[in-house]
Amino acid sequence: MDIKAKIIDEQGLSRTITRLAHEILEKNKGSKNIVLIGMRTRGEFIAERIKTKISEIEKYEPSFGILDVTLYRDDFRTRLKQPEISVTNITFDVNERDIILIDDVLYTGRTVRAALDAVMDLGRPNTIQLCVLVDRGHRELPIKADFVGKNIPTSINEEVRVRLKEIDGEDAVYLVNAPK
Amino acid sequence: MSLSNRHLLGLYGVPKEDIQLILDTATTFREVLERPIKKVPTLQGKTIVNLFYENSTRTRISFELAQKRLSADTINFSTSTSSTKKGETFKDTVRNIEAMKVDMIVVRHQSAGVPQYLTRISKANIINAGDGIHEHPTQGLLDMYSIRERLGRLEGLKVCIVGDVAHSRVALSNIFGLKAMGAQVTVCGPTTMIPIGIESLGVKVIHSIDDAIANNDVLNVLRIQLERNAGVRIPSLREYHQYFGVTTERIEKYNRDILILHPGPINRGVELSSEVADGPYQVILDQVTNGVAIRMAVLYLLGTMH
């Protein structure tokens, strides 16, 4: 990993998650109709942390699910490696709910497009709102996040790496040079 | 992770990692099958031909459903309504279908080796849906999936295949697959139905259904295939049931923890008593559901391979 800068450190990440939790609650007026859906892999852990925060603030636990969008991707023909798929785990009914879709980095918007299709196949939610830890720009589709942890203007030759304790052993966000 | 071969011709020689990948991938599709909209766009734009030279309901419907649920375009070919009747050779038929630009071919044929032959005359990914008395790999895979779903593992399990092993493609695919996954395999049946030298595949041979029930975790009970002339190898169906039929009395006497599998269609009162076929020890309908998930997994892994 060719690191250019550390953008968010452990404390910063914790504060960002707290703010995102408050923003979600504020916009939805503390509604108990919200459900959190984390997108594999790192969105899942961010969603779980937001869930914990919301339970602390509101004293109730929102429903929580995990979405795997591999089957909805649009790049099966162009990718060099076959993507690994894992299981979507959403055990509640999404009809009429307010869904908060959570991911680590928003970039081209193609993963979010896939996620929207995947959620729609599970039912007809009331609303779908998008929450991302980092928005790095360069959208290829008309998609915009409702809740953003941090806007990081990047060049195409850079990458944003979110590292989380649950799988990477540390909490941090790095700006790195893309491998050639 | 990708499979190591771009065709699925059989489970013979398929490495453990590949089988593991297919079974794990099927878990994803098992979840898709529980959704209100049981369809994902993954194989959009891929064309798959189902080339069925032999009758089949379960396997053909299962493959067709799997293809539709992955959003592939499908064409069904069956001999009764095709130019095979006009004398067209197999090779010419395949060449013509190939010229229509298909991506995958699912083939069932009464002759062993036809899927292998297809790989030489076609560029498509070939999936064997049963070739003669050789192999039926997706059935072997769905049997293993169903066992793993119930018992949590395959390694170290004792599995006995009961019936006309000599004329069963299900038996052979099960033996290869289960052995690769580290299970202990036994075959059980009358001597006329057990091929000579089958021990060389690393399986044990027994001739008592009571022993089979008492000493195994799983029984995969094969169908007595009258269309494959099973009648000449046993005195009568009634006698077969008396000596080799799986009945509730036998299960309750020897092993109440046994898991019963059957590839269908069941001959009630022959290999299984009706009570067992509907009873608490069997997972026959789960096998059918899992079959769609397994076929989706195979189609996905081969269809998105580079």
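**View 1. Contact between domain 1 and domain 2 of chain B.** In this predicted model, 19 residues of domain 1 of chain B are in contact with 20 residues of domain 2 of chain B; two residues are in contact if their C-beta atoms, placed from the backbone, lie within 7 Å. On the side of domain 1 of chain B that touches domain 2 of chain B, α1 (16–32), β4 (125–131) and α11 (284–303) each supply at least two residues. Helices (H or I, at least four residues) and strands (E, at least two) are DSSP runs, numbered from the N terminus. That side of domain 1 of chain B divides into 8 nonpolar, 6 polar and 5 charged residues. Ala, Val, Leu, Ile, Met, Phe, Trp, Tyr, Cys and Pro count as nonpolar, Asp, Glu, Lys and Arg as charged, and the others, Gly among them, as polar.

**View 2. The two domains of chain B.** The assignment gives domain 1 as 16–135 + 290–303 and domain 2 as 137–287, with bounds that come from an automatic or database domain assignment. The C-alpha centres of domain 1 and domain 2 of chain B lie 26 Å apart. Residues are numbered from 1 along each chain as its sequence is written, and chains are lettered from A and ligands numbered from 1 in the order in which they are written. Local features need pLDDT of at least 70, and side-chain atom pairs count only at pLDDT 80 or more, whereas totals for chains, interfaces and linings use all residues.

**View 3. Helix α6 of chain B.** Helix α6 (residues 169–180) of chain B has 12 residues and should span 16 Å at 1.5 Å a residue, which agrees with the 17 Å between its end C-alpha atoms; the expected span is 1.5 Å times one less than the number of residues. Of the 12 residues of α6(B), 11 are buried, that is, 20 or more other C-beta atoms lie within 10 Å of the residue's own, with C-beta atoms placed from the backbone. Among them are V170(B), L172(B), I175(B) and F176(B). After α6(B) comes G182(B), with a positive phi near 85 degrees.

**View 4. Surroundings of helix α6 of chain B.** The buried residues of α6(B) pack against several elements of chain B, including α1, β4 and α5 (137–151). The strands β5 (158–162), β6 (184–188) and β8 (218–221) of chain B are also packed against by these buried residues.

**View 5. The side of chain B that touches chain A.** Here 15 residues of chain B are in contact with 13 residues of chain A. The chain B side has 6 nonpolar, 7 polar and 2 charged residues.
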